[in-house]
Amino acid sequence: NVSSADGGAWFRILERDYALLDLRVTPTCRLTAYNDAGEVVATSEDGSLVLSAYSDYWFWVLAEGRGALRAELTRRLPAPATPPFSGRLPQGVMAEAVTLNPPSAGRYQIILTGNGSADLDLEVYGPGNRLWASSYSGDGDEKVILDLQAGEPVTVLVTRYNKSGSGDFLLEMDRVGDFRVLDG
């Protein structure tokens with residue numbers, strides 16, 4: 001429980017490993033999440049946020065409500081997806097994670113196409129949350145190429161770093177060739 005006095009309450013969240021955190025506060029109130037530098041990273045009017053937390057990452061959250069507020073924090077696991085996959089990252093959602101399974105061994109291109117001016121980035125993780133590939137730029141169009149085994153699940157993370165645009169995106173995975181093979 002978070003006590004609210006004079007229309008607002010502050011609380012702090014520390015995540016020790018990488019995770020997507022689902023924050024819900026009842027009754028419904030305005031939430032604003034800040035990073036350790038005091039920059040706004042997510043806002044919501046409906047009492048819920050999805051926070052993209054790194055190792056030893058602090059969030060400060062302001063809940064602007066009255067009376068006793070109840071905060072619930074859960075870890076959001078990546079859902080299996082079949083490309084093409086379309087999604088949306090509104091201002092209260094910092095990231096979305098999905099699991100993709102390649103149908104056969106080979107070289108794959110994973111493409112993120114954003115709709116509008118939102119700054120979306122792409123990261124691909126293998127087993128044990130090891131970062132295998134990433135693409136970052138100032139717009140929402142990113143792509144990576146990597147070699148994958150058949151049925152080897154990878155976690156694809158789409159993140160949002162600014163507050164402009166709708167956050168709509170399309171995620172595709174296309175086979176672009178076979179593994180490189182050494183001769184001799």
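Which residues does Val156 touch, not counting residues up to four places away in sequence? With contact taken as heavy atoms within 4.5 Å, Val156 touches Glu96, Ala97, Val98, Leu100, Ile110, Leu122, Glu123, Val124 and Leu171. This is a predicted model, in which local features need pLDDT of at least 70 and side-chain atom pairs count only at pLDDT 80 or more, while totals for chains, interfaces and linings use all residues. Residues are numbered from 1 along each chain as its sequence is written, and side-chain values use heavy atoms, with hydrogens and water left out.

Val156 also belongs to the largest nonpolar core, which has 29 residues; Ile110, Val124, Val156 and Leu171 touch the most other members. Such a core is a set of buried Ala, Val, Leu, Ile, Met, Phe, Trp, Tyr and Cys residues joined through side-chain atoms within 4.5 Å, where buried means under 20% relative accessible area (1.4 Å probe, protein chains only). Two or more residues come from each of β11 (95-100), β12 (106-115), β13 (120-126), β15 (142-148), β16 (154-160) and β17 (168-177); strands are DSSP runs (E, at least two residues), numbered from the N terminus. Apart from this core lies another, of 20 residues, including Phe11 and Leu23.

Strands pair if DSSP finds at least two bridges between them. Within it, β11 and β16 pair in the antiparallel sense over 6 bridges, and Glu96 has Val158 in β16 as its bridge partner.

Another open sheet, of 4 strands with antiparallel pairing, has the order β10-β17-β12-β15.

Note on methods:
Buried means under 20% relative accessible area, exposed over 50%, partly exposed in between (1.4 Å probe, protein chains only).
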